[in-house]
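Please have the sequence and the 3D view open.

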Amino acid sequence: MIYLKYISMSFQKAIAYRFEYFASLLNAFLYIFIFITLWKTLLKEKTNLPFTSEQMTAYVIIAMVIKTIFPRNEGFLTTKVRTGEIAVDLMKPYSLAIIFFSDTIGLFLYQILSKGFPIFLVSYFLFGISFSFDGVVLLKFFLLFGLSFLIHLFISLLISSLSFFFTETFPFWIVYLSLTTLFSGAIIPLDFFPEGMKDLILLTPFPYLFYYPTLVLVKSQSFTNFGDILISYLVQATILFLLSYSLYRLGLRKLTIAGG
């Protein structure tokens with residue numbers, strides 16, 4: 001019940017920032033308009049590309065929706081370590097790591113309801129996108145989408161745990177966001193990368209955030225190796241869980257609170 005309460009509190013806290021909400025909506029629509037216009041222009045000039053203009057429009061919208069609803073919760077653990085508040089939290093009868101997950105899940109649910117649905121619905125009717133609503137395809141999408149969020153959670157804990165070792169974690173978040181923008185498929189689908197570079201990118205967790213969940217909706221007919229992709233997701237999630245939780249536990253052992 002404590003963890004569910006934290007999810008509820010995180011949701012309610014996010015509702016309070018109305019200006020940030022409208023600014024992020026405007027930013028998302030601006031990104032969608034810019035990249036749809038850009039891709040349509042590029043695809044008009046080229047032939048034999050992996051996406052049609054209609055598929056690319058749908059790809060941009062879905063990828064941007066997923067990117068928008070994945071919350072950044074970099075301040076939760078960092079602030080507690082910097083202020084020493086974590087000393088009080090560690091004395092309470094719950095896991096701080098699960099509280100971190102609960103807080104992020106609350107933000108995630110808020111982002112889905114307040115941003116994900118409006119952005120998708122407005123874009124769907126404004127740009128006339130089309131993709132398969134087949135039950136099997138949707139099941140595959142939600143399965144990959146859930147695993148993508150799990151990977152995002154573990155990466156967030158991993159970077160946040162660096163606050164035990166560094167005074168400021170903001171530079172690590174900047175690097176992560178930059179790599180995500182370039183290699184996750186949020187802006188450029190991996191199909192446009194050279195084969196050797198694409199194979200290298202697939203070894204990282206970034207394509208498993210946005211690329212595959214988007215692709216399963218846009219080009220469901222090309223998913224003949226769904227089982228292999230699912231196994232890759234499970235491997236990535238397991239590795240990231242072990243890394244993030246190990247770093248978190250190591251940080252707790254290193255933690256020293258000075259003063260009161």
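Which residue forms a salt bridge with Arg82? The partner is Glu168, with the closest N and O atoms 3.4 Å apart. This is a predicted model: local features need pLDDT of at least 70, side-chain atom pairs count only at pLDDT 80 or more, and totals for chains, interfaces and linings use all residues. Residues are numbered from 1 along each chain as its sequence is written, and side-chain values use heavy atoms, with hydrogens and water left out.

**Salt bridges**

- The structure holds two salt bridges; the term means a side-chain nitrogen of Lys or Arg within 4 Å of a carboxyl oxygen of Asp or Glu.
- Glu168 pairs with Arg82. Glu168 lies in the loop between helix H7 (135-160) and helix H8 (170-183), and Arg82 in helix H4 (residues 75-83), so the pair ties together parts that are 86 residues apart in sequence.
- Helices here are DSSP runs (H or I, at least four residues), numbered from the N terminus.
- Glu168 is partly exposed at 41% relative accessible area, and Arg82 is partly exposed at 48%. Buried means under 20% relative accessible area, exposed over 50%, and partly exposed in between (1.4 Å probe, protein chains only).
- Glu85 forms a salt bridge with Lys80, the closest N and O atoms being 3.2 Å apart.
- Glu85 counts as partly exposed at 40% relative accessibility, whereas Lys80 counts as buried at 8%.

**Helix H4**

- Phe76, Leu77, Thr78, Lys80 and Val81 are buried in H4.
- The buried residues of H4 pack against helix H5 (86-90), helix H6 (96-127), H7 and helix H11 (226-254); contact means heavy atoms within 4.5 Å.
- Gly84 follows H4, and its phi is positive, near 85 degrees.

**Helix H3**

- H3 (residues 53-69) is mostly covered, with 14 of its 17 residues buried.
- Its 17 residues should span 24 Å at 1.5 Å a residue, and the end C-alpha atoms are 25 Å apart, which agrees. The expected span is 1.5 Å times one less than the number of residues.

**H6 and H7 packing**

- The axes of H6 and H7 come within 11 Å and cross at roughly 130 degrees. Axes are lines fitted to C-alpha atoms, for helices over the stretch in contact, and angles run from 0 to 180 degrees between N-to-C directions.
- H6 and H7 are therefore oblique to each other: angles under 35 degrees count as roughly parallel, over 145 as roughly antiparallel, 65 to 115 as roughly perpendicular and the rest as oblique.
- On the H6 side, the contact includes Phe100, Phe101 and Phe108. On the H7 side, Phe145, Phe149 and Phe154 are among the residues taking part.

Note on methods:
Helices (H or I, at least four residues) and strands (E, at least two) are DSSP runs, numbered from the N terminus.
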